[in-house]
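Hi there,

Here is the structure I promised to pass on. Have a look at it first, and my notes follow below.

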Amino acid sequence: MLTENEVVRCMCDWLGTKGCKVIAYKLNTSPGHDIEAVSPTGRKICIECKGAKSPKTGKPFDLDYQWRAASSALFNAIVLREKESSIDVAIALPKDARY
């Protein structure tokens, strides 16, 4: 299980392997989308990341919290896409059976 910060770092690394340039990323639950990048074709990409465990305790989040976090990420991605139709939006979740 990964924390949100670990998901952000993994996604930044993965984006680099796909030829994308990470412009900015946020750690420690800062407001807004967590990663801004540019694709090899020049399209802006905004990614909302969620983790499966607490960075403070190392314990997994309960199922209710995970579902609220995932639905919030989905809502924020939809709103962002509606505001800026020229960008790509994504949600990054850890590989966890509860997501």
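**What I found**

Strand β3 (residues 44–49) runs parallel to β4, and five bridges join the two. Strands here are DSSP runs of E with at least two residues, helices are runs of H or I with at least four, and both are numbered from the N terminus. Within this pair, Cys46 stands opposite Val89 in β4.

A word on the source: this is a predicted model, in which local features need pLDDT of at least 70 and side-chain atom pairs count only at pLDDT 80 or more, while totals for chains, interfaces and linings use all residues. Residues are numbered from 1 along each chain as its sequence is written, and side-chain values use heavy atoms, with hydrogens and water left out.

Four strands make up an open sheet with mixed pairing, in the order β1-β2-β3-β4; two strands pair if DSSP finds at least two bridges between them. At the edges are β1 (21–25) and β4 (88–92), each pairing on one side only. From one strand to the next, the twist averages 25°, with axes fitted as lines to C-alpha atoms (for helices, over the stretch in contact) and angles running from 0 to 180 degrees between N-to-C directions.

Both helices meet this sheet. Helix α1 (residues 4–17) lies across β1, β2 (35–38), β3 and β4, at about 155° to β3. Helix α2 (residues 63–83) touches β3 and β4, and its direction makes about 175° with that of β4. Contact means heavy atoms within 4.5 Å.

The largest nonpolar core has 12 residues, among them Val7, Met11, Cys20, Ile35 and Ile47. Such a core is a set of buried Ala, Val, Leu, Ile, Met, Phe, Trp, Tyr and Cys residues joined through side-chain atoms within 4.5 Å; buried means under 20% relative accessible area (1.4 Å probe, protein chains only), exposed over 50%, and partly exposed in between. Helix α1 gives the largest share of this core, five residues. As for Cys20, leaving aside neighbours within four places in sequence, Cys20 is in contact with Leu15, Val38, Ser39, Pro40 and Ile45.

For the chain as a whole, the elements run α-β-β-β-α-β from the N terminus on. The radius of gyration is 13 Å, close to the 13 Å from the globule rule for 99 residues, so the chain is as compact as a globular protein of that length. That radius is taken over C-alpha atoms, and the rule is 2.2 Å times the number of residues to the power 0.38. Of the 99 residues, 33% count as buried.

Best wishes
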